[in-house]
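Please consult the sequence and the structure shown here while reading.

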Amino acid sequence: MTATQTLVHEIRQLLECELGESALALAELECKPLLSDQRVSASERLQLLRIYSDCLDKQKQHRTSLRVITEFISGPERSQLTSEELEEVARDIAQQRWQLGEHDLCLAQLRQIPRTHRSNRDVARMARCAALVRAPDARELHVELLRRQPNASEALAFVVASSSAASAVGAAKEERARMAAAAASADGASYHDAVSLASALGLMQALDYRGANEELARLGRRHPRNALVRAHQATCRFMLDDVRAARALYERARMLDPTLVDQMGTYAALLASGSGADDMHAVYRLGNALLKTDQTRAEGWVAMARYFLLAGDTQEALAIAWRAQTLAPSLSDAYYTEGVIQMASGGTEDAVEVFAKAHQLGRSAHTFRALVDALVQCGRYKEAFVHAREMAEALPQHAGALATVGIVLSHSAESSDKARRLLEAAIALDCRCAEAVGALASLHVASGQTEDALRVLESHLPDIQTDDMYTRYADVLTLAGELPKAAANYATALAINPSNERARAGVDRVDALLHPGGSGAEEPDELEEHEEPEELHEPDASEAPMDTGAVYY
């Protein structure tokens with residue numbers, strides 16, 4: 001081992017032991033003076049340069065590292081290096097440009113490497129830079145990356161998105177023909193897959209989630225390790241209310257590609273729909289991982305906004321949601337998340353506005369539900385009915401869509417029978433449709449039919465074992481005077497979700513009724529007349545809308 005190799009090895013060991021400052025001090029003491037020593041061969045000086053650059057990178061001194069590399073390569077050493085060594089230097093400079101956010105210069109540096117000598121990593125970075133600076137050949141670079149790596153998720157997404165954008169400006173046929181020629185010369189199967197994914201995404205935009213899921217399943221069988229396909233399939237399952245299958249598919253996508261960002265805002269919504277501490281921690285872990293991958297993408301901030309909302313810090317959650325909107329003004333998830341936060345904060349009118357914006361940017365089953373629920377909470381029933389009916393027309397045979405219409409109609413005494421029939425039809429389609437079950441039970445309670453409400457809840461509780469459903473059941477048991485049984489179900493709800501304030505208040509109420517010696521305690525009969533849980537009693541025109549079981553994520 002030469003003296004140069006020994007020195008490089010020692011510095012490398014310091015870096016591997018996380019002793020970055022010591023490594024940099026040694027490199028500046030030993031390596032820096034040798035970089036200009038003509039008695040040392042150019043190849044050895046290049047080794048010293050690269051380890052010195054690594055030390056600077058560890059200390060985030062990318063500008064200094066760039067200056068050192070460019071000064072070295074601008075000197076007489078350039079003529080002494082082989083073409084392979086010069087290509088490695090070009091990659092080192094491109095790396096520094098990337099770290100500094102100089103994407104146009106990074107792309108220009110990598111273009112100096114002959115096409116036949118470019119590695120997969122070179123092409124991937126060039127494609128990303130070209131997309132960021134909107135270079136004319138961005139699409140060709142992504143097609144090239146797709147040819148080399150058929151499972152490259154972001155490349156496939158970019159090819160599809162660029163095709164859709166071309167269609168939007170009226171140049172679809174010419175653009176698709178040009179893409180077909182370019183992709184066919186590289187890999188005809190890749191172009192076929194891009195068209196297949198475009199078809200699936202089109203079905204998703206049309207809210208045909210079952211058709212999209214079938215197309216994505218076929219595509220997934222051809223590419224079982226493609227993370228983007230799994231993520232889109234997960235979104236379809238989530239929109240169809242199959243939360244368990246959706247979560248498994250999202251987890252599979254993250255396992256295949258831990259750097260995947262697309263669809264992760266929706267995944268954060270799924271995780272946040274859980275009620276346990278583990279779900280909150282899962283949201284945090286997802287947001288943290290996404291931000292480590294790319295802080296310039298909004299999805300990580302969307303996930304963190306969800307986390308702070310679950311943690312009870314609505315102001316911080318709102319600020320982070322606004323940051324996500326600044327980063328991605330056209331991302332529906334960013335506005336949808338703000339709407340969820342506004343609803344949690346009691347700002348229903350503001351929620352209507354941002355849910356409408358989210359719906360405009362990316363219509364989905366969830367934006368429909370959220371917008372309708374916000375309008376109902378504001379007492380704007382006619383507008384809510386218009387959107388609910390549109391949702392039912394767009395999503396035939398979807399239990400959640402029928403339940404949404406039923407929920408709106410349940411606020412009118414004249415339409416209560418029709419609301420009941422729609423809710424029963426929704427439950428017949430999907431016995432696990434929590435919003436339909438909750439709304440039907442509330443409708444029975446509002447009509448004074450407590451026994452029917454208990455029957456509905458008891459028959460579906462085994463299929464929907466959530467803290468919300470146990471709380472609803474306990475509320476109705478309290479109305480029926482079955483206090484010990486109500487206390488047990490409130491306890492079950494709190495075991496699932498210790499932060500369920502409604503269940504905690506129910507426990508206190510039942511305890512006061514079971515032990516009437518305390519001040520202010522009332523008998524069960526008096527409760528039936530005066531102390532109905534406010535989520536379940538029938539409102540008059542001056543009261544807030546009753547809790548009809550609406551669910552949005």
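## Nonpolar cores

The structure is a predicted model. Its largest nonpolar core comprises 114 residues, and Tyr209, Met264 and Phe355 have the most contacts inside this core. Apart from neighbours within four places in sequence, the residues in contact with Tyr209 are Met204, Cys236, Met239, Leu240, Arg363, Ser364, Ala365 and Leu395. There is also a second, separate core of 25 residues, with Leu15, Cys31, Leu48 and Tyr52 among its members.

As background, nonpolar side chains in soluble globular proteins tend to be buried together.

Ala374 lies in helix H20, which spans residues 365-377. Its relative accessible area is 0%, so Ala374 is classed as buried. Once neighbours within four places in sequence are set aside, Ala374 is in contact with Met343, Thr348, Ala351, Val352 and Phe355. Phe355 is also one of the residues with the most contacts inside the largest nonpolar core. A separation of 9.8 Å lies between the C-alpha atoms of Ala374 and Gln342, which are 32 residues apart along the chain.

Thr404 belongs to helix H22, residues 399-409. Thr404 counts as buried because its relative accessibility is 4%, and the cut-off for this class is under 20%. Not counting residues up to four places away in sequence, Thr404 touches Arg369, Val372, Ala388, Met391 and Glu435.

## Helix H7 and its surroundings

Helix H7 covers residues 120-133, 14 residues in total. From its first C-alpha to its last, H7 reaches 20 Å, close to the 20 Å expected at 1.5 Å a residue. Just after H7, Arg134 adopts a positive phi of about 60 degrees.

The buried residues in H7 are Asp122, Val123, Arg125, Met126, Ala127, Cys129 and Ala130. The partners against which the buried residues of H7 pack are helix H5 (83-99), helix H6 (103-111) and helix H8 (138-148). In general, an α-helix has 3.6 residues a turn, so residues three or four places apart point the same way.

## Cysteines

How many disulfides does a search of the whole structure find? The search finds zero. A disulfide would require the two sulfur atoms to be within 2.5 Å. Cys55 is also buried, because its relative accessibility is 0%. Cys31 itself is included in the second, separate core.

Technical notes
Residues numbered from 1 in each chain as written. Predicted model: local features only at pLDDT ≥ 70, side-chain atom pairs only at ≥ 80, totals over all residues. Heavy atoms only, no water. Core = buried A, V, L, I, M, F, W, Y, C linked by side-chain atoms within 4.5 Å. Buried < 20%, exposed > 50% of the residue type's maximum accessible area, 1.4 Å probe, protein only. Contact = heavy atoms within 4.5 Å. Helix = DSSP H or I, 4+ residues; strand = E, 2+ residues; numbered from the N terminus. Expected span 1.5 Å × (residues − 1).
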